[in-house]
Amino acid sequence: RTRHMRWNEIRDNWDSYLPVITRRWPQADTAVLRTLDGSETDLALYLSRVTGTPARQMLDEIEDWRICDLSDPGRGRDGADKPLYRITRLTAGGTA
């Protein structure tokens, strides 16, 4: 059974996650990320601004990253490759 990363673990080790975050979201600036102090909401709002992704959808992407990427980098929560997961969510009535 895979152990999922809890947000407080990410927050408590924020600086060590910055390279992982910038690999996942290359538009993110490490200096700006450092100022967020591990706040999930602030991260979502910042990434929403730099990527153009709606904030609610960005929160979902961050959750997916936390649950899946940190334990199995190639899969989404439903076991499908990530691009298929996102397409499924959008066509299954998900809102942005």
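**View 1. Ser 48 is buried, with a relative accessible area of 15%, where buried means under 20% relative accessible area with a 1.4 Å probe and protein chains only.** The model is predicted, so local features need pLDDT of at least 70 and side-chain atom pairs count only at pLDDT 80 or more, while totals for chains, interfaces and linings use all residues. Residues are numbered from 1 along each chain as its sequence is written, and side-chain values use heavy atoms, with hydrogens and water left out. Ser 48 has its place in helix α4, helices being DSSP runs of H or I with at least four residues, numbered from the N terminus. A polar atom of the Ser 48 side chain lies 2.5 Å from the backbone oxygen of Thr 53, and a polar atom of that side chain lies 3.3 Å from the backbone nitrogen of Ala 55. Not counting residues up to four places away in sequence, Ser 48 touches Thr 53, Pro 54, Ala 55 and Met 58, a contact being heavy atoms within 4.5 Å.

**View 2. Helix α4 and the residue just after it.** The 12 residues of α4 should span 16 Å at 1.5 Å a residue, which agrees with end C-alpha atoms that are 16 Å apart; the expected span is 1.5 Å times one less than the number of residues. Buried in α4 are Leu 43, Ala 44, Tyr 46, Leu 47 and Ser 48. Just after the helix, Gly 52 takes a positive phi of about 80°.

**View 3. The largest nonpolar core has 18 residues.** Such a core is a set of buried Ala, Val, Leu, Ile, Met, Phe, Trp, Tyr and Cys residues joined through side-chain atoms within 4.5 Å. The members that touch the most others are Trp 14, Ile 21, Leu 33, Leu 43, Leu 47, Ile 62 and Trp 65. Two or more residues come from each of α1 (7–12), α2 (14–24), α4 (40–51) and α5 (55–69). Leaving aside neighbours within four places in sequence, Leu 43 is in contact with Trp 7, Trp 14, Ile 21, Leu 33, Leu 36 and Ile 62.

**View 4. Trp 7, Trp 14, Trp 25 and Trp 65 form one aromatic cluster.** Rings of Phe, Tyr and Trp (its six-membered ring) pair if their centres lie within 6.5 Å, with planes under 30 degrees apart counted as stacked, over 60 as edge-to-face and the rest as tilted; the count by this rule comes to 3 aromatic pairs. The rings of Trp 7 and Trp 14 have centres 6.3 Å apart and planes at 55°, so this pair is tilted, and both residues are buried. For Trp 7 and Trp 65 the ring centres are 6.4 Å apart and the planes at 65°, so the pair is edge-to-face. Because Trp 7 lies in helix α1 and Trp 65 in helix α5, the pair ties together parts that are 58 residues apart in sequence.

Notes
Buried means under 20% relative accessible area, exposed over 50%, partly exposed in between (1.4 Å probe, protein chains only). A polar contact is a pair of N or O atoms within 3.5 Å; within protein, one must be able to donate a hydrogen and the other to accept it, and residues adjacent in sequence count only if both atoms are side-chain atoms.
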